[in-house]
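Here is a short note for a colleague who is opening this entry. Please keep the structure in view while reading the points.

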Amino acid sequence: MKTTTILTLLGGLSSTTANTIPTSKGGKHQKPIHPSPPHHSPISSIPPIGLGLWNSKDKDATHAILSAFTHNYTHLDGAAAYSNEEYVGLALTNKTSPPRHTYWLTSKLWNTMHKPENVPVGFNKTLSELNTTYLDLYLMHWPVAFLPDKGGRSVIDQDTSITDTWKAMETLASAYKASSGAYGARHIGVSNFSPRQLDQIMKMCTICPYAHEFETHPYLQQQEFVNWHHEHDIKVIAYSPLANINPTYKDVMPELKPILEDPFWEAVAKKKNCTVAQAVLGWGVARDTIVIPKSVHEKRIAENIGSMEVSFTEGELEEINKEDKKVRFNNPSKDWGVDLFEGLDAGSNRFLMADGEL
Ligand SMILES: NC(=O)c1ccc[n+]([C@@H]2O[C@H](COP(=O)([O-])OP(=O)(O)OC[C@H]3O[C@@H](n4cnc5c(N)ncnc54)[C@H](OP(=O)(O)O)[C@@H]3O)[C@@H](O)[C@H]2O)c1
């Protein structure tokens with residue numbers, strides 16, 4: 001689709017916004033991505049497994065996606081903050097890659113783009129780098145607004161609320177509908193929200209969250225929170241589904257062995273005749289969460305999708321429940337000077353304590 005067509009479809013968005021659609025750096029993307037012609041329906045709902053893209057650097061991201069397509073992945077989990085969207089775009093426009101409407105593409109709005117007028121700017125930059133005209137899912141990456149352009153420093157924007165940002169995201173979802181899927185966000189959702197923050201969105205939304213992406217794995221199960229989402233028809237996307245094996249987390253609880261060496265999980269894998277990674281991911285899917293393991297190694301990418309073959313009985317799920325360690329590995333509260341995950345396991349309990357509930 002030509003940029004001019006996209007601009008027309010932007011409709012209600014301001015002309016300043018429309019004019020800010022960037023072009024890809026260095027003209028790397030010569031070929032337009034296969035657009036989704038209206039007669040081609042996109043896949044009906046978010047696939048249970050996707051390829052995570054955090055920490056997949058440059059060409060590693062491109063190669064990982066090409067491998068994932070070879071091994072029948074139909075779901076990619078990216079974000080502007082992963083600084084690799086141009087490399088993701090290169091994979092999507094590769095001549096061997098499947099047509100756009102046959103896979104699910106998620107990206108996320110970064111904290112510096114929360115001001116309503118910046119939301120379409122961030123969205124369009126992502127579209128341009130990915131070389132696509134729509135996303136299947138666009139998430140608010142964190143319930144935290146930063147002031148833009150502070151030279152790498154994170155300064156909280158006190159004047160922009162999560163509901164302001166949500167309203168602007170709804171415009172992107174409306175644009176998708178108005179253009180019959182040619183441009184916009186097919187679904188919108190949130191990430192890293194507390195129950196209180198979710199409640200704020202649920203009270204005001206016209207288009208309500210399709211999904212919530214947050215950290216959950218055998219060591220941080222949050223089963224009640226997961227159940228709440230299912231009761232409210234919100235999909236749960238489980239990030240860091242392999243718990244503590246992301247090297248970024250190595251200092252959080254160094255005394256805890258990597259989950260792939262946990263005797264409990266080794267025994268589960270042995271019983272199921274699968275690898276430990278497959279058992280852990282298979283459990284994530286069995287509890288109705290969507291798992292998005294990251295790997296840049298083809299062998300592991302193939303191994304991880306093998307988890308779709310692993311099933312669990314109710315009794316086994318109950319046993320695994322008892323193995324919860326309630327350890328959160330991804331919590332930037334201190335760095336950012338905000339209280340995140342209020343009321344959740346290993347989150348902030350400031351308000352609960354103030355209410356005398358502890
Ligand atoms: N919304 C958010 O705020 C948020 C936060 C965190 C993560 N996420 C999303 O969730 C995705 C997954 O989470 P994550 O990257 O934190 O962690 P993860 O997928 O649980 O683990 C990734 C680590 O495991 C290794 N690995 C993958 N498969 C393996 C296997 N079969 N055997 C041995 N090692 C294996 C990878 O190494 P190699 O790459 O070297 O194979 C990598 O170091 C992210 O990539 C991102 O898309 C979202």
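1. Start with confidence. pLDDT is the predictor's confidence in each residue, on a scale from 0 to 100. It matters here, as this is a predicted model. The chain has a mean pLDDT of 89. Of its residues, 87% reach 70 or more.

2. Two stretches call for care. Over residues 1-32, pLDDT stays under 50. The model has 44 contacts beyond four places in sequence for residues 1-32.

3. Strand E2 covers residues 75-77, and strand E3 covers residues 104-109. E2 and E3 pair in the parallel sense over three bridges. Asp 77 stands opposite Thr 106 in E3.

4. Next, a helix pair. How do the axes of H9 and H10 cross? Helix H9 spans residues 263-272 and helix H10 spans residues 276-286. Their axes come within 8 Å and cross at roughly 90°. Angles of 65 to 115 degrees count as roughly perpendicular, and H9 and H10 are therefore roughly perpendicular to each other. On the H9 side, the contact is made by Trp 265, Glu 266, Val 268, Ala 269 and Lys 272. H10 contributes Val 276, Gln 278, Ala 279 and Val 280. By class, the residues of this contact are six nonpolar, one polar and two charged.

5. Finally, the ligand. How many residues surround the ligand? There are 28, and the closest are Gly 52, Trp 54, Leu 242, Lys 294 and Ser 295. The shell divides into twelve nonpolar, eleven polar and five charged residues. Helix H11 (residues 298-305) gives the largest share of the shell, three residues.

Terms used. Residues numbered from 1 in each chain as written. Predicted model: local features only at pLDDT ≥ 70, side-chain atom pairs only at ≥ 80, totals over all residues. Contact = placed C-beta atoms within 7 Å. Axes fitted to C-alpha atoms, helices over the stretch in contact; angles between N-to-C directions. Helix = DSSP H or I, 4+ residues; strand = E, 2+ residues; numbered from the N terminus. Parallel < 35°, antiparallel > 145°, perpendicular 65-115°, else oblique. Nonpolar A, V, L, I, M, F, W, Y, C, P; charged D, E, K, R; others polar. Near = placed C-beta within 6 Å. Pairing = 2+ DSSP bridges.
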